[in-house]
Amino acid sequence: MYTENQVTGDMSALMVIFGGTGDLTNRKLIPALYNLIYDHRLPKHFAVAAVGRRDMDHEQYRKVIFEQLKKYSRNEIDQRLWEKLSCLIYYFQLNFTEKTGYERLNTFLSKLDDTYQTHGNRLFYLAVAPEFFETIVMNLHNNKMAVETNDSWKRLVIEKPFGKDLKTARLLNEKLREVFREDDIYRIDHYLGKEMIQNIMVLRFCNLVFESLWSNKYIDNIQISLAEKHGIGSRAGYYEQSGAMRDMVQNHLLQIVSLIAMEAPINLTSDAIKTEKLKVLNSIETFSSESLKNNVIFGQYGRGVIDGYPVPGYREEASVKDNSNTETFIAMKFHINNFRWAGTPFYVRTGKRMGVNAAEIVIQFKSMPDVLYFSNDAEQEPNLLVIKIQPNVGVFFQFNTKDFHMENEVISTKMDTSHTSGEQGNTPEAYEKLILDVIKGDSTLFSSWDEVEASWTIADRIIEYGRQKRLKLPNYDAGSMGPVLSFELLARDCRKWWNI
Ligand SMILES: NC(=O)C1=CN([C@@H]2O[C@H](COP(=O)(O)OP(=O)(O)OC[C@H]3O[C@@H](n4cnc5c(N)ncnc54)[C@H](OP(=O)(O)O)[C@@H]3O)[C@@H](O)[C@H]2O)C=CC1
Ligand SMILES: O=C1O[C@H](COP(=O)(O)O)[C@@H](O)[C@H](O)[C@H]1O
């Protein structure tokens with residue numbers, strides 16, 4: 001099925017997960033490792049040390065993660081494979097702030113190196129709240145755990161959000177760079193590991209029919225929607241500090257914008273691709289006070305109904321302040337001020353507790369002149385190219401054809417090549433791809449510091465505007481598609497959000 005086992009077969013890595021008992025580890029990282037072993041893609045010499053503060057032994061930890069794995073694995077659980085994986089996974093108790101504990105950890109890792117022949121290669125994965133990033137990295141440094149040798153690498157995977165604004169991101173970056181080389185810092189944005197996000201470049205640069213029309217000359221507007229039905233679960237502590245802007249826009253959404261709008265890179269190397277993506281981020285309009293006021297909509301969900309069940313409003317969620325002004329929804333309109341895109345608006349939105357779970361990119365092409373087939377009573381449906389990221393995966397294209405047996409009547413034809421993951425079989429989860437990429441040393445699907453810096457420059461201005469603005473929240477019902485204002489944002493331009 002997969003050929004990557006040949007690629008990873010000779011590789012070795014000891015993955016050290018800080019935050020071994022956390023949500024990300026349970027829901028994404030351990031299932032990703034299981035699915036890698038399921039598909040014979042895990043390196044031959046591989047082991048995991050999961051670091052957490054709870055008092056547990058290896059066996060207890062394995063039992064806990066097994067229960068979660070059963071819920072979150074995309075493949076069925078094969079007991080034999082689980083046993084094979086579980087004996088590679090160890091638990092190490094450590095409070096991140098306990099300086100002396102790192103020496104013990106280092107000794108423990110060296111023993112695992114001997115047992116599993118991982119040759120000192122370390123993948124340090126920080127699956128922790130951002131406040132611990134610096135603490136952990138400086139402790140690794142002080143204990144010489146991040147030192148590369150001629151025959152071993154040390155790589156750092158750091159979760160988003162990278163800082164909480166441009167200033168803190170810069171400070172964090174400086175600290176990381178004291179310890180790790182830029183090439184060894186993997187700023188993960190798991191959206192970049194999703195199949196259809198990787199497919200954007202292929203769709204654009206392998207299809208003349210799309211790329212030749214891919215500009216302000218032929219495209220009327222571009223819409224990106226990342227909608228989630230779930231709320232914040234148990235993550236209030238994090239989300240109250242973050243909101244939708246830091247959680248989704250500064251990273252996932254802007255990364256998608258840069259892939260959609262970039263010029264063709266000179267080749268497929270990581271540097272060449274990132275160079276082009278960065279140019280897009282640097283060309284996004286600097287929001288004036290006027291455009292902030294007119295073109296940025298904040299939202300927060302109130303009570304509502306999802307899938308037939310009543311759900312509480314954001315302010316009623318556990319550990320959320322009852323006067324919280326944290327945004328759980330954002331919609332924005334902006335322009336990319338470069339030769340290719342000037343004049344074509346980008347509309348983006350993301351929100352929690354919305355009516356659907358769906359991530360889609362809609363490219364709306366300009367309409368034909370209303371001369372031959374269209375008049376006021378026969379309204380023209382535009383050509384739409386929809387890149388469906390999830391839950392359906394694939395491409396949808398809408399175009400006009402003649403209605404059979406009718407004279408000169410036009411109907412809109414919908415060609416949908418997307419499939420639910422069930423029909424298609426399993427698409428490798430983003431984290432599987434990204435973990436393997438780190439082991440291979442391929443940072444193409446990770447954000448460079450320059451991209452992070454450019455994204456914060458955009459995000460900071462919007463966050464500051466939201467902080468000063470008197471928001472009237474909550475302003476949308478759970479289970480709806482967001483605040484009325486976000487529909488007005490497009491209606492004002494005689495446009496509409498295409499249904500996702
Ligand atoms: N969850 C998700 O879906 C996603 C998360 N992320 C990012 O991943 C990171 C982790 O998120 P998430 O897993 O949700 O967070 P959690 O709060 O669920 O997990 C945090 C982990 O850190 C541990 N921890 C906290 N304080 C200490 C300490 N002083 N010493 C030792 N361990 C400690 C926790 O231990 P304990 O269990 O004992 O509390 C837990 O294992 C964040 O940066 C987040 O933004 C990114 C994308 C998706
Ligand atoms: O990074 C994050 O992403 C998830 C959404 O990811 P998905 O792969 O399930 O679409 C989001 O729920 C979370 O709040 C955010 O931190």
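**Before you click**

This is a predicted model, where local features need pLDDT of at least 70 and side-chain atom pairs count only at pLDDT 80 or more, while totals for chains, interfaces and linings use all residues. Residues are numbered from 1 along each chain as its sequence is written, and chains are lettered from A and ligands numbered from 1 in the order in which they are written.

Colour by pLDDT (the predictor's confidence in each residue, from 0 to 100). The protein chain averages 94, and 96% of the residues score at least 70. For the complex, the predictor gives an ipTM of 0.97 and a pTM of 0.94. Now select residues 1–7: pLDDT stays under 50 there. The model has eight contacts beyond four places in sequence for that stretch, a contact being two residues whose C-beta atoms, placed from the backbone, lie within 7 Å. Where pLDDT is low, the predicted coordinates should not be read in detail.

**Stop 1: ligand 1**

Which of the 22 residues around ligand 1 come nearest? They are Gly 19, Gly 22, Asp 23, Leu 24 and Arg 53.

Colour the shell by class and you get seven nonpolar, eight polar and seven charged residues. The scheme takes Ala, Val, Leu, Ile, Met, Phe, Trp, Tyr, Cys and Pro as nonpolar, Asp, Glu, Lys and Arg as charged, and the others, Gly among them, as polar. Helix H2 (residues 23–38) gives the largest share of the shell, three residues. Helix and strand names come from DSSP runs numbered from the N terminus (H or I, at least four residues, for helices; E, at least two, for strands).

**Stop 2: along H2**

Stay on H2 and look along its axis. Its 16 residues reach 22 Å from the first C-alpha to the last, close to the 22 Å expected at 1.5 Å a residue; the expected span is 1.5 Å times one less than the number of residues.

Where does H2 bend? Zoom in on Leu 29: the bend there is about 30 degrees, and Pro 31 follows within four residues. That angle is taken between axes fitted to the seven residues ending there and the seven starting there.

Next, pick out the buried residues of H2, including Thr 25, Asn 26, Leu 29, Ile 30, Leu 33 and Tyr 38. Buried is 20 or more other C-beta atoms within 10 Å of a residue's own, exposed is 12 or fewer, and partly exposed is in between, with C-beta atoms placed from the backbone. The buried residues of H2 pack against strands E1 (12–18) and E2 (45–52), and against helices H3 (58–72), H4 (79–86) and H14 (430–440).

Step off the end of H2 and you meet His 40, with a positive phi near 60 degrees. Lys 44 sits in the loop between H2 and E2, and it counts as exposed because it has 12 C-beta neighbours inside 10 Å.

**Stop 3: Ala 430 on H14**

Jump to Ala 430, in helix H14. Buried or exposed? Ala 430 is buried, because 22 other C-beta atoms lie within 10 Å. Leaving aside neighbours within four places in sequence, Ala 430 is in contact with His 190, Gly 193 and Lys 194. Draw a distance to Glu 195 too: 235 residues apart along the chain, the two C-alpha atoms are separated by 7.4 Å.

**Stop 4**

Most residues other than glycine have a negative phi, and most peptide bonds are trans. Here are some to check against that.

- Lys 160 and Pro 161 are joined by a cis peptide bond, with omega about -5 degrees; Pro 161 is in the loop between strand E5 (154–158) and H7.
- Leu 473 and Pro 474 are also joined by a cis peptide bond, omega about -5 degrees; look for Pro 474 between helix H15 (449–468) and strand E19 (476–477).
- His 119 has a positive phi, near 55 degrees, in the loop between helix H5 (101–116) and strand E4 (122–126).
- Lys 144 has a positive phi of about 55 degrees and lies in the loop between helix H6 (133–142) and E5.

Terms used. A residue is near a molecule or strand if its C-beta atom, placed from the backbone, lies within 6 Å of it.
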